[in-house]
Amino acid sequence: MIEEIYTFLDNIFGGYIAQHPLLAITIAGFLIGGSYTLIYYFFTDIEKTRKVQKMAKEIQKEMREAQKSGDEKKLKKVQQKQMELMKMQSEMMKQQMVPMLLTLPIFWIFFQWLRRWYVEVAIVKSPFNFFLFGWFHSWYHSALRPDELGYFGWYILSSYVIGMVLRKFLDMG
């Protein structure tokens, strides 16, 4: 089944991917990263997330004040609030799993397909050894030089950029 998917993707994108790897990975990063951000936006309650984050900051502040004052009653009260906050955060984490579960199979299939084309192929070359490139190489034990970045690292960087832009545009914080 998976080979048929790879063959289908080869037939559609194969020539393009072979000729323009930087552009192909950039577009993939924008499409998959952008899709994840949009799915996250539509499947999570952004206002509730903000409310819980604000609540967490307030509880942390109250906890510091209660600890400084040494007031046991106040400390117990804040600890109770923390328990309620933990329940809300747990609920939100379950809600945030939906976007990941929707996009994970697409991500996995697409990356395994790209790996067939670009394993150990330098997509980006820097004029100097860039620490970030080495960090990406360590994730998947790449043999690329410290001034080269493979498909995985370039995808992460490009999807991060589009994700940040979309989050700002959608006012997701």
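1. Going from the N terminus, the elements of the protein chain run α-α-α-α-β-α-β-α. That makes 6 helices and 2 strands, where helices (H or I, at least four residues) and strands (E, at least two) are DSSP runs numbered from the N terminus. The radius of gyration, taken over C-alpha atoms, is compared here with a globule rule of 2.2 Å times the number of residues to the power 0.38. The protein chain comes out at 22 Å, well over the 16 Å that the rule gives for 173 residues, so it is more spread out than a compact globule. Along its principal axes, the C-alpha trace spans about 70 × 40 × 30 Å.

2. A word on what you are looking at. This is a predicted model, in which local features need pLDDT of at least 70 and side-chain atom pairs count only at pLDDT 80 or more, while totals for chains, interfaces and linings use all residues. Residues are numbered from 1 along each chain as its sequence is written, and side-chain values use heavy atoms, with hydrogens and water left out.

3. Buried means under 20% relative accessible area, exposed means over 50%, and partly exposed is in between (1.4 Å probe, protein chains only). A contact means heavy atoms within 4.5 Å. Among contacts between residues at least 6 apart in sequence, 67% join residues at least 24 apart. The protein chain exposes about 11700 Å², with carbon and sulfur atoms supplying 64% of it; accessible areas come from the Shrake-Rupley method with a 1.4 Å probe, and for residues only the protein chains shown count as cover.

4. Now the inside. A nonpolar core is a set of buried Ala, Val, Leu, Ile, Met, Phe, Trp, Tyr and Cys residues joined through side-chain atoms within 4.5 Å. The largest one has 21 residues, and I25, W113, L114, Y118 and Y151 have the most contacts inside it. Helices α1, α2, α4, α5 (131-140) and α6 each supply at least two residues of this core, and the largest share, 5 residues, comes from α4. Apart from this core lies another, of 9 residues, including A66, L75, V78 and L85.

5. I25 and S158 are worth a look together. Not counting residues up to four places away in sequence, I25 touches L114, Y118, I123, Y151, W154, Y155 and S158. S158 is found in helix α6 and is buried, with a relative accessible area of 5%. Leaving aside its neighbours within four places in sequence, S158 is in contact with I25, T26, G29 and F30.

6. F30 also turns up on the surface. Together with Y160, V161, M164 and V165, F30 forms a nonpolar patch with about 490 Å² of accessible area in total. Patches are made of residues with over 30% relative accessible area and no salt bridge, with like charges joined within 9 Å and nonpolar side chains (Val, Leu, Ile, Met, Phe, Trp, Tyr) within 5 Å. Helix α6 (residues 151-169) gives the most to the nonpolar patch, with 4 residues. The place of F30, by contrast, is in helix α2 (residues 21-43), and at 39% relative accessibility F30 counts as partly exposed.

7. The structure holds 6 salt bridges, each a side-chain nitrogen of Lys or Arg within 4 Å of a carboxyl oxygen of Asp or Glu. One of them pairs the side chains of E3 and R116 (3.4 Å, N to O). E3 lies in helix α1 (residues 2-19) and R116 in helix α4 (residues 72-118), so the pair ties together parts that are 113 residues apart in sequence. E3 is partly exposed at 44% relative accessible area, and R116 is partly exposed at 45%.

8. K81 and E62 also meet in a salt bridge (3.0 Å, N to O). With K81 in helix α4 and E62 in helix α3, the pair ties together parts that are 19 residues apart in sequence. K81 counts as partly exposed at 29% relative accessibility, as does E62 at 24%. Elsewhere, salt bridges that share partners join E47, R50 and D171 into one network.

9. R50 is partly exposed, with a relative accessible area of 27%, whereas E47 is exposed, at 52%.
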